[in-house]
Amino acid sequence: MKILVLEDNERLLNLIKVSLEKENYQVDTFTDGQEALDNLENGYSCFILDINVPNIDGISLLELLRMNHKDSPAVIISSNHDFERIQKSYDLGCDDYIKKPFYIFELVEKIKKLCKIEKKYLQFNESLKYDFKNRIMYENENELELTKKEILFLELFSKNLHHIASYDEIYEYVWEGEDTNLTNVRAMIKRLRRKLFNDAILSVKGLGYSLSKSTKLV
């Protein structure tokens, strides 16, 4: 699961990044609000935003991201304890507001509750399963090597197993905002099918891809 963190105190920013990565989250960090805005479409599932940062403040960024990320958890962190700012943050849809200074454990625990993967394994058959927490594919007890894009594709199904992952969803989350096309997506799927089995990933004409009906979250 990918998290965007906006914080202009680099020491605190690095501490947040290291602490969340220990919990197996993928973390992208930014010290500038405009830079964070330019990267909003890189497939993030959770947001941690400081208010007082250069160019675009965290509250303004929260308002902008709620246009296209209505359900993604967002936590505001700030040394500003002004009631009106706190109220505005909640009015705009933040899920929690943490006042500085805070214990890093407090932030990590809140993120674990807001941004959790409900199940541990994606089970394709008796011998083949993907470990979401450690991001490892196993065939029996042997590890299968997956590319970063193959891992991100499988993570699209961590919350809703049998939904159809649309092409736009794949472009945004798997390619992280990079320019790509359907040919590249098909090539990635073809390589992943070779590592799994041919019918593990199903094509849904004109829409995208889904997983085989035999696949389970366990």
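**Close-up views of a predicted model**

**View 1. Ser 210 and its surroundings.** Leaving aside neighbours within four places in sequence, Ser 210 is in contact with Phe 157, His 163, Ile 164, Ala 200, Ile 201, Leu 202 and Val 204. The model shown here is predicted. Ser 210 belongs to strand β12, which covers residues 208–211. Its relative accessible area is 10%. Buried means under 20%, so Ser 210 counts as buried. Look also for His 162. Ser 210 and His 162 are 48 residues apart in sequence. In space, their C-alpha atoms are 6.3 Å apart.

**View 2. The three-stranded sheet around β12.** This open sheet has the strand order β10-β12-β11. Its pairing is antiparallel. Strands β10 (165–166) and β11 (201–204) stand at the edges. Each has a single partner strand, so one side of each is left without a neighbour in the sheet. Two bridges join β10 to β12. Find Ser 166, whose bridge partner in β12 is Gly 208. Helix α8, residues 182–195, packs on the sheet. The helix touches β11 and β12. The direction of α8 makes about 150° with that of β11.

**View 3. The largest nonpolar core.** This core has 29 residues. Those with the most contacts inside it are Phe 124, Phe 153, Leu 154, Ile 170 and Ile 201. Which elements give two or more residues to the core? They are β7 (128–131), α6 (148–155), α7 (167–173), α8 and β12. Now focus on Ile 201. Leaving aside neighbours within four places in sequence, Ile 201 is in contact with Phe 153, Ile 189, Leu 192, Arg 193, Leu 196, Tyr 209, Ser 210 and Leu 211. A second core is separate and has 20 residues. Among them are Leu 49, Ile 51, Ile 59 and Tyr 97.

**View 4. Two edge-to-face aromatic pairs.** How many aromatic pairs does the structure hold? There are five. One of them joins Phe 124 and Phe 197, edge-to-face. Their ring centres are 6.5 Å apart, with 85° between the planes. Phe 124 lies in the loop between β6 (121–123) and β7. Phe 197 lies in the loop between α8 and β11. The pair therefore ties together parts that are 73 residues apart in sequence. Phe 124 is buried, at 2% relative accessible area. Phe 197 is partly exposed, at 25%. Phe 153 and Phe 157 form another pair. Their ring centres are 5.4 Å apart and their planes are at 70°, so this pair is edge-to-face. Is Phe 153 buried or exposed? Phe 153 is buried, with 0% relative accessibility. Phe 157 is also buried, at 0%.

**View 5. Lysines over tyrosine rings.** The charged end of Lys 2 sits over the ring of Tyr 44. It is 5.3 Å from the ring centre. The charged end of Lys 129 sits over the ring of Tyr 121. Here the distance to the ring centre is 4.3 Å.

**View 6. Asn 160 in its loop.** Asn 160 is in the loop between α6 and β10. Its relative accessible area is 45%, so Asn 160 is partly exposed. How far apart in space are Asn 160 and Leu 217? Their C-alpha atoms are 9.5 Å apart. In sequence, the two residues are 57 places apart.

Methods
Residues numbered from 1 in each chain as written. Predicted model: local features only at pLDDT ≥ 70, side-chain atom pairs only at ≥ 80, totals over all residues. Heavy atoms only, no water. Helix = DSSP H or I, 4+ residues; strand = E, 2+ residues; numbered from the N terminus. Buried < 20%, exposed > 50% of the residue type's maximum accessible area, 1.4 Å probe, protein only. Contact = heavy atoms within 4.5 Å. Pairing = 2+ DSSP bridges. Axes fitted to C-alpha atoms, helices over the stretch in contact; angles between N-to-C directions. Core = buried A, V, L, I, M, F, W, Y, C linked by side-chain atoms within 4.5 Å. Phe/Tyr/Trp six-rings, centres within 6.5 Å; stacked < 30°, edge-to-face > 60°. Lys NZ or Arg CZ within 6 Å of the ring centre and 35° of its normal.
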